[in-house]
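I opened this model to look up two things.

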There are 2 protein chains.
Amino acid sequence: MKIKQNINVAVDIALFGYKDNNLHILLVKQGFGQFKNQWVLPGGFLKDNEGLLDGAKRELLEETGVNISSLEQLYTFGDNINRDPRARVISVAYLATANPSKMKLKADTDSIDVAWFEYIKIPKLPFDHNQIIKTAHTRLKAKLNYQPIGFELLSAKFPFSDLENLYMTILQRKIDRRNFRKKILGFNFLEETGEIKKHGSGRPALLYKFNRRKYMESLKEGINFEIKFA
Amino acid sequence: MKIKQNINVAVDIALFGYKDNNLHILLVKQGFGQFKNQWVLPGGFLKDNEGLLDGAKRELLEETGVNISSLEQLYTFGDNINRDPRARVISVAYLATANPSKMKLKADTDSIDVAWFEYIKIPKLPFDHNQIIKTAHTRLKAKLNYQPIGFELLSAKFPFSDLENLYMTILQRKIDRRNFRKKILGFNFLEETGEIKKHGSGRPALLYKFNRRKYMESLKEGINFEIKFA
DNA sequence: TCAAAAGTGTTGAGTTTACACCCATGC
DNA sequence: GCATGGGTGTAAACTCAACACTTTTGA
């Protein structure tokens, strides 16, 4: 079958990380071409013999050194035929979450730098990458309502306040500490470790960890978690 | 920018309709090529200078005569590199709903027939079209929980039982009539028309219509509607 | 008068929200 | 002893689920 089409297919990845009490997103600095030295989302062109998801994983690994097993397809951007000024390109965007402290970044193929950017301080990016990031954030917020989120973003052991903070950061609003704690603990996918964490001042915090098995169950079944409380 | 890629981009549309108390989906019979005379989802290749959504609308119109203004991007299928045996094709699938009674079907460019198929009786289709339909149905079910659905699927004036039936058909299970009515009426986007509809036997039904303004508000704001009740 | 479909309320259980003070530590 | 962040309970309001009989029509 001969098809005369001149459209290119790219994949882009919006990888969220949580560190320093703030939501971050991973960007790479382009190493070549018209947008050389500009920060963009990791991503690139799909290979002819490669599945979309595989392409996304490959690009992420090549450009950032980050190996993520679970990427979720976010949206395919291709309504604006000039979204890439160099050629007609549609981009299948993927969403993922990870814990930045666990990984070392490594620029490589096509990229000359990699870094975590604070979500609220993302600069203006080429293409429609700001829009992709916004869409990814909207999806992430929506996911909080029906899926437990945290396992991938936090360290193995963490004070409860980290989880509180993570939720407030993603949702970008205050939530009631007592009600939040009640609800989360009610899901039973958290366990106390018995350890405590001291920090400069204030009462030391008990450290919690995810019970992986129960967490995965909840992931599958979904949770009903609309945090409406102020 | 020169990119050596040999990947084609298609769009496919899963259009749901509700008639004869059953959920239907629109299929077309291919008029040419390897899959000539086979039923498939309406769709086709994107043009170089055409946005994805525009392409989906165009293909739907060309192949079925149906003009739909609101299509929702569903998912992009491209993990299986052999999903189309003729060439490497990724397909951006769209989801829409419509009222079959309002439209005349018209096969044209590329298609030699168009018809509504009962959802539960869809035959085995070429490519991954059965999977696309399944994904579309899953999304449609999910949408019931957070969006009012019905406006596009039902006639302008309808008995309440049509809406009940529609929900039961999409969800594929029984729901409690009293609770359903209470909940739906509570949203205030339905209005009594004052008219009644007689049918063979049984008590005649009051006819309702959607209050378009309030319906659209609810669409935007979303609704919280998990129909758990048996 | 019977069959068919439409219409209609209440109650108990569970969930959600709102809200404020004490505790353990470092300095 | 004070500043800092951690930890805790209850009551009122609301929402949800379960459940069965009456009404209106045509045949």
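**Entry 1: DNA strand D.** I listed the residues around DNA strand D and got 25. A residue is near the strand if one of its heavy atoms lies within 4 Å of it. The nearest are A:Ser161, A:Arg177, A:Gly202, A:Arg203 and B:Gly200. Of the atoms of DNA strand D that come within 4 Å of the protein, 44% belong to sugar and phosphate.

A note on the source: this is a predicted model, where local features need pLDDT of at least 70, side-chain atom pairs count only at pLDDT 80 or more, and totals for chains, interfaces and linings use all residues. Residues are numbered from 1 along each chain as its sequence is written, chains are lettered from A and ligands numbered from 1 in the order in which they are written, and side-chain values use heavy atoms, with hydrogens and water left out.

**Entry 2: base contacts.** I looked for polar contacts (pairs of N or O atoms within 3.5 Å; within protein, one must be able to donate a hydrogen and the other to accept it, and residues adjacent in sequence count only if both atoms are side-chain atoms). A:Gly202 places a backbone N or O atom 2.8 Å from a base oxygen of DNA strand D. The side chain of B:Lys182 has an N or O atom 3.3 Å from a base nitrogen.

**Entry 3: the surface near the strand.** I checked which elements (DSSP runs numbered from the N terminus: helices H or I, at least four residues; strands E, at least two) build this surface. Helix 4 (177–187) and strand 10 (205–210) of chain A, and helix 4 (177–187) of chain B, each give at least two residues. By class I count 11 charged, 8 polar and 6 nonpolar residues.

**Entry 4: domains of chain A.** Chain A has domain 1 (8–144) and domain 2 (158–221); the bounds come from an automatic or database domain assignment. Their C-alpha centres lie 28 Å apart. The contact (heavy atoms within 4.5 Å) takes 10 residues from domain 1 and 8 residues from domain 2.

How much area do the two domains bury between them? About 830 Å², 68% of it on carbon and sulfur atoms. Buried area is the accessible area (1.4 Å probe) lost on being put together, summed over both parts. A:Tyr18, A:Lys141 and A:Leu144 supply 59% of what domain 1 buries against domain 2.

I found 2 residue pairs in polar contact across this interface, both at pLDDT 80 or more. Helix 2 of chain A gives the most to the domain 1 side, with 4 residues.

Conventions
Ala, Val, Leu, Ile, Met, Phe, Trp, Tyr, Cys and Pro count as nonpolar, Asp, Glu, Lys and Arg as charged, and the others, Gly among them, as polar.
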